[in-house]
Amino acid sequence: MESLRPQVIGWDAKNAWAKCDGAIGGTVDWPSQPASACAAMHMCANEATLTTEQRTALASAIRRLPDCGDP
């Protein structure tokens, strides 16, 4: 059920990867703190199944965060 509504999943949850499509697409918010957002983005890069376009968008978002290196 949570996979149908990823906005209800916490970024620290075991299945947080389900939020990645929405976060990359702009329909789900990344964590507000830069360090937490960086961790979430790295989790998405490593655990979610992403298209080439999503990977490119995610890499751009990662590079905009302070002190957030490539995954």
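Which residues have the most contacts inside the largest nonpolar core? The legends below start there and describe a predicted model.

**View 1. The largest nonpolar core.** This core has 20 residues. W30, M41, C44, L58 and L65 have the most contacts inside it. Helix 1 (20–25), helix 2 (34–47) and helix 3 (52–64) are the elements that each give two or more residues to the core. Helix 2 supplies the largest share, seven residues.

**View 2. Surroundings of C44.** C44 is among the residues with the most contacts inside the core. Leaving aside residues up to four places away in sequence, C44 touches W11, C20, W30, L50 and L58. Two of these partners, W30 and L58, also belong to the group with the most core contacts.

**View 3. The W11–W30 aromatic pair.** The structure holds one aromatic pair. Its members are W11 and W30, with ring centres 5.2 Å apart. W11 is partly exposed, at a relative accessible area of 21%. Both W11 and W30 touch C44.

**View 4. Helix 2 against helix 3.** The two axes come within 10 Å. They cross at roughly 155°, so helix 2 runs roughly antiparallel to helix 3. The crossing is left-handed. From helix 2, the contact is made by M41, H42, C44 and A45. Helix 3 contributes R55, L58, A61 and I62. M41, C44 and L58 from this contact are also among the residues with the most contacts inside the core.

**View 5. P66, beyond helix 3.** P66 lies in the segment after helix 3. Its relative accessibility is 52%. P66 therefore counts as exposed, the cut-off being over 50%. The C-alpha atoms of P66 and A37 are separated by 10 Å. Along the chain, P66 and A37 are 29 residues apart.

**View 6. D67 and its backbone.** D67 also lies in the segment after helix 3. Its phi is positive, about 60°, although D67 is not a glycine. Is D67 buried or exposed? D67 is exposed, with a relative accessible area of 81%.

Note on methods
Residues are numbered from 1 along each chain as its sequence is written. This is a predicted model: local features need pLDDT of at least 70, side-chain atom pairs count only at pLDDT 80 or more; totals for chains, interfaces and linings use all residues. Side-chain values use heavy atoms; hydrogens and water are left out. A nonpolar core is a set of buried Ala, Val, Leu, Ile, Met, Phe, Trp, Tyr and Cys residues joined through side-chain atoms within 4.5 Å. Buried means under 20% relative accessible area, exposed over 50%, partly exposed in between (1.4 Å probe, protein chains only). Helices (H or I, at least four residues) and strands (E, at least two) are DSSP runs, numbered from the N terminus. Contact means heavy atoms within 4.5 Å. Rings of Phe, Tyr and Trp (its six-membered ring) pair if their centres lie within 6.5 Å; planes under 30 degrees apart count as stacked, over 60 as edge-to-face and the rest as tilted. Axes are lines fitted to C-alpha atoms, for helices over the stretch in contact, and angles run from 0 to 180 degrees between N-to-C directions. Angles under 35 degrees count as roughly parallel, over 145 as roughly antiparallel, 65 to 115 as roughly perpendicular and the rest as oblique. A crossing is left-handed if the near helix is turned anticlockwise from the far one by less than a right angle, and right-handed if clockwise.
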